[in-house]
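Here is a short briefing to read alongside the sequence and the 3D view. Take a look at the structure first, and then we can walk through it together.

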Amino acid sequence: MIWQDFKYALRLLAKKPGFTVLTTLVMATGIGLSVYMFSFFNTILFKDLAFKDGESLVVINGSLNGQREESEINWLDYQEIQKNIEGLTEFGGYTSANVTVSGRDGAIRYVAILAQANIFNLTRTRPLFGRAFNAADEQVGAEEVVVIGYQLWQNQFAGDKQVIEKSMRIDGKNHRVIGVMPQGYLFPRNAQVWLPLRIDPSQLIREQATGLRGLAHLEKGVSMADIDKQLQVIMQRIEQQYPQTNSGISAFISSVPGAGGAGGEPVVYTMHVVAILILLLASINVGNLLLSRALERGKETAIRVALGAPRSRLITQLLWESTIICTIGGLVGFLVMAWGLEITEPIVTTFFAEPLAFWWDFSVDSYTIKLFLGILVSTILVTGLLPAWRTTGGDFNAVLRDGTRGALGKKAGRLNRLLVISEIFISMAVLIAAAVMVQSANEQTNKDIGAETANILVANVLLPETNYDSAAKKIRFVKQLQTQMQSHTGINEVMIMSSLPGHYSAEQKVMFEGKEYTKSSNNSYPSANYIATMPGDLAKLGVELRQGRYLNSSDNSDNKQTALVSESFAERHFPSQSAIGKRFRLVAKETGEIDWITIVGIVEHTIQGNRDGSAASVPSIFRPYSQAPRSRITIAMRLTTDNSHVIKLLRKALQGIDSELASYRIETYQASNDRITAPVVFISSLTALFAIAGVILAASGIYGVMSNTINQRTQEIGVKRALGADEGVIIAEFLWSAVKLLLWGGIPGVLAGGFMGFAMAQMFGTGMSALVTIIVIMISIVAISVIISTYLPTKNALKLEPSQALHYE
Amino acid sequence: MTKTLIKLANIKKIFYTDEVETHALNDITLTINKGDYISISGPSGCGKSTLLSLLGLLDTSSEGVYQLAKHDVSNISKKERARIRNMEIGFIFQSFNLISDLDVEENVELPLTYRKDLSKSQRKAMVKEALEKVNMSHRSKHFPSQLSGGQQQRIAVARAIAGKPSIILADEPTGNLDSKNAEAVMDLLDLLHGEGATICMVTHDPRSAKRAARNIDILDGQIVAEQNQQSSNDTAAA
Ligand SMILES: Nc1ncnc2c1ncn2[C@@H]1O[C@H](COP(=O)(O)OP(=O)(O)OP(=O)(O)O)[C@@H](O)[C@H]1O
Ligand SMILES: [Mg+2]
């Protein structure tokens, strides 16, 4: 019997290949897109780490003013937390630092993890060779030791098993290799070098204590929310006790992957909602197509019921049809999605200067398969039960009597209206949310960072503190490098800064001369990007001077301390007077000699790092490199010849000056800036893809339901025309009912989309006027498609003479 | 004293479907006077419904002239035809054709709402009068699905007469009813005719046909005979 029904369903589908292909494609789109979205975010944010107890490992992050953003917490605060919190065990912690490793292939820069000794125990992983850290390694002044990653072991030591006890030069100091971690072990993200974190127990002042990320295991049955609540209480207590350092500072926990999503919740949630809505749209559309087919067979169904066919049998038949369509569509969607995941990794890799986090392994994993199966079953049920409920629940007698109504049955009418309302709601919400996303990505990529990026090659160099422990050494190096590179033909200009416009920069708290600061909190000092630059470089980069003068060679270390500030800095701190000549000083961790710094010029605003929201508007201070030397520098070269030649020249120059120096992230200035906006562009392209799919699904779906509804009401139209309604009256009536549907679905849709859009606009700093414009445009698009979906079928129905319409079946 | 209401002259109706021509009506000439009570009979497919559709301006003829109250309505605009249907013609269908979303009162009021010259209270009064005439006032808030077939058809009659049309066109009004209900609806038409209404009705049922004063027989799209009940004489179609 089941086999018979299955064959019957297959026959029905084969009879209408166009219908079958259409519905299958709709289903493929819905399932493929939503599974992709879920799998993508699961991989980067929600996945359990692949070692034992990986699901209970959590990170304790710091937060400022309630902003859940990945940041370190103070070591002393962390001690308090450990003492007072319940539900966490095995406390550990780590921080990171840029180091230069010199070896076989010259000097290479790594991001080293400075970890407490138990880091490998926390992740339940033992070294492949040698040993993990122990308590002795943590002592200040103990022998320098290092645990290295598999990849580094292969590259630097050619996989030599005798590596243990060998020494490795890190930042110009010999470190004894004590362990090699197994292949693929990159905890906490993409580490290859682990050094013991050495905390001086005499670090008693909060201002001077190390910052770190806490690590711990969550005890069974304890929720993250529980811990968050406790953290808040503990941190509030500390804040009351130490307002100076801790006001506004709190802490929160997250999973290790989840920490990366902190602060990005609006986008993540919106994308998930959008994915679910797209799936719902696809299901509704297929359900409706199946429904209209079932209605075509309505008479047949009624006769079958009259002849005694049990309702369950009819439902089974309908379910078979939807099962076949959803399964084939689902499989097609799944294959395309699997391919999408496959190409995601190479694309995402380009967004980051560092290797991807080790759990970012985009592939069809067990989660994806489980999710796919779950979604498949629900779509089968939704698409099958919708028509089943409608056609077999009806009044057969009425259908058979072929009689009374010239109109659509009440229940069918209600269902159709509900379908259209849902489609309007979904498409409105999806469109608005997606448009805000695309708009803010656009704004971000087109933002003026303040500099000209054309024909410039950039590279980074790290000066290890061990060899460059004095300002004089750093200055000498920088001057040497600049002079050498400038002497080459093919290089027009050489600029050296601690961070170029567009790039992330360190921030610095400052205090102004003659201004009283409430001593209650360090967080009340104004903060700005703090950038060191060689004289003349800002002009060369096209950062325009607004007032005063650029830095020049007279601003050297012997002279009075000087600075340029960005226009935004001047406007923020000296709104009613000129900032030129004003003096400020750094709020320093170290207490000691205080130098007043005089503002000598104002330049245009530069964006340092993220282009969105408040990050983009952080003002900047530019100091002469000779007065404020840094160990991390970026060299920018304006070229007339090709890059590869220049890269060789740079490597050679560095080797010539100091063989232990590494240049890294050599790329064009444009590329380095593009990378900063790449994730946003990627997510927004993804959203745009969803939105386009959503619009097509929704528009075709609305048209489908509307033309169906109107088609089913052809007789009613005939009756009304017989009674004297002219075309205008009929069209007005249908348009009016469409407008009502538009309001029913559109108002909640605008609210939902507006809510998601608003949350993202807040996050990205997209203006309210853009949001309003987007909402208006999206309302028009949806409204127009609803009106067209109503007008065309109505016009079509009116082509029939009333006499024909009356007898329309 | 008879007043001519409708004059059909040499009306033809040809349907074209898939290269097949159906000559549904072939040279129909017919005059309907005010107060006439006409029945149209004939075998299935002979063109009765087609003729009624043309009379009711639900369709246009392929050839010939149609005069309604001295006006040529063969070639008028769709809008004008809608207006005439609304003002001058009342339809009763075999399958009742009530609108299921509307209750009884709203169904009867529906054609009146298409007029611009009636106030709400005027419409209400006309609906009340029509429902009283068909004896269905007590069901004014019911929906069609809550009524029996006979009751639905009485509502359809009320809807047809509510606007005081010049002529009532009924296509097998008793076709879907049992004999008792059919009888009731026919009594109602008789009553309306007694009050001066002009009625033109298609029917298969000879007993219903007997109630009409003029019995027209159609065969293959042509009027083949007309019987006049009063005179009992066979006369050829004029
Ligand atoms: N819209 C149409 N298109 C094509 N042919 C039509 C159309 N309407 C009617 N016909 C044809 O015209 C002829 C007359 O049809 P009509 O409906 O007037 O018959 P009828 O006398 O009312 O029959 P019945 O007693 O069965 O209702 C038939 O042959 C029918 O097939
Ligand atoms: Mg007929």
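Which residue is the bridge partner of A:N61 in strand 11 of chain A? The partner is A:F252. Please keep in mind that this is a predicted model.

**Chain A in outline**

- Chain A has 809 residues, of which 55% count as buried.
- The C-alpha trace of chain A spans about 100 × 60 × 60 Å along its principal axes.
- The domain assignment gives domain 1 of chain A in two segments, 1-47 and 265-401.
- Taken over C-alpha atoms, the centres of domain 2 and domain 3 of chain A are 30 Å apart.

**Strand 1 of chain A and its two partners**

- Strand 1 of chain A runs over residues 57-64, and seven of its eight residues are buried, so the rest of the structure largely encloses this strand.
- With strand 10 (residues 211-218) of chain A, strand 1 forms an antiparallel pair over four bridges.
- Within strand 10, A:G214 is the residue that stands opposite A:I60.
- With strand 11 (residues 249-255) of chain A, strand 1 pairs in the antiparallel sense over seven bridges.
- The pair from the opening question, A:N61 and A:F252, belongs here.

**Strand 15 of chain A and its two partners**

- Strand 15 of chain A (residues 527-533) has six of its seven residues buried, so this strand too is largely enclosed by the rest of the structure.
- Strand 14 (residues 507-512) of chain A runs antiparallel to strand 15 and is joined to it by three bridges.
- In that pairing, A:K509 has A:S527 of strand 15 as its bridge partner.
- Strand 20 (residues 620-624) of chain A pairs with strand 15 in the parallel sense, over five bridges.
- There, A:N529 is bridged to A:S620 of strand 20.

**Two helix pairs in chain A**

- Helix 20 (residues 727-764) and helix 21 (residues 768-799) of chain A have axes that come within 9 Å and cross at roughly 155 degrees.
- An angle over 145 degrees counts as roughly antiparallel, so that is how helix 20 of chain A runs relative to helix 21 of chain A.
- The crossing of helix 20 past helix 21 in chain A is right-handed, and their contact has 20 nonpolar, five polar and two charged residues.
- Helix 8 (residues 265-296) and helix 18 (residues 669-712) of chain A pack at an angle of about 25 degrees, with axes 9 Å apart.
- Angles under 35 degrees count as roughly parallel, so helix 8 of chain A is roughly parallel to helix 18 of chain A.
- Helix 8 of chain A passes helix 18 of chain A in a left-handed crossing, and the residues of their contact divide into 14 nonpolar, ten polar and no charged.

**The chain B sheet**

- In chain B, four strands form an open antiparallel sheet in the order 2-1-4-5.
- Strand 2 (20-33) and strand 5 (71-72) of chain B are at the edges with a single partner strand each, so one side of each has no neighbour in the sheet.
- Strand 1 (residues 4-17) of chain B runs antiparallel to strand 2 of chain B, and ten bridges join them.
- One of the bridged pairs is B:F15 with B:T22 of strand 2.
- B:D27, also in strand 2 of chain B, has a positive phi near 60 degrees and is not a glycine.
- B:D27 has a relative accessible area of 38%, so it is partly exposed.

**Individual residues in chain A**

- A:D53 lies in the loop between helix 2 (17-46) and strand 1 of chain A.
- The phi of A:D53 is positive, about 60 degrees, although this residue is not a glycine; A:D53 is partly exposed, at 23% relative accessible area.
- A:P188 sits in the loop between strand 8 (173-180) and strand 9 (193-196) of chain A, and the peptide bond from A:F187 to A:P188 is cis, with omega near 5 degrees.
- A:L462 belongs to strand 12 (residues 456-462) of chain A and counts as buried, at 7% relative accessibility.
- From C-alpha to C-alpha, A:L462 and A:G172 are 12 Å apart in space, while 290 residues separate them in sequence.

Terms used
Residues numbered from 1 in each chain as written. Chains lettered and ligands numbered in written order. Predicted model: local features only at pLDDT ≥ 70, side-chain atom pairs only at ≥ 80, totals over all residues. Heavy atoms only, no water. Buried < 20%, exposed > 50% of the residue type's maximum accessible area, 1.4 Å probe, protein only. Pairing = 2+ DSSP bridges. Domains from an automatic or database assignment. Axes fitted to C-alpha atoms, helices over the stretch in contact; angles between N-to-C directions. Parallel < 35°, antiparallel > 145°, perpendicular 65-115°, else oblique. Left-handed = near helix turned anticlockwise from the far one by under 90°. Nonpolar A, V, L, I, M, F, W, Y, C, P; charged D, E, K, R; others polar.
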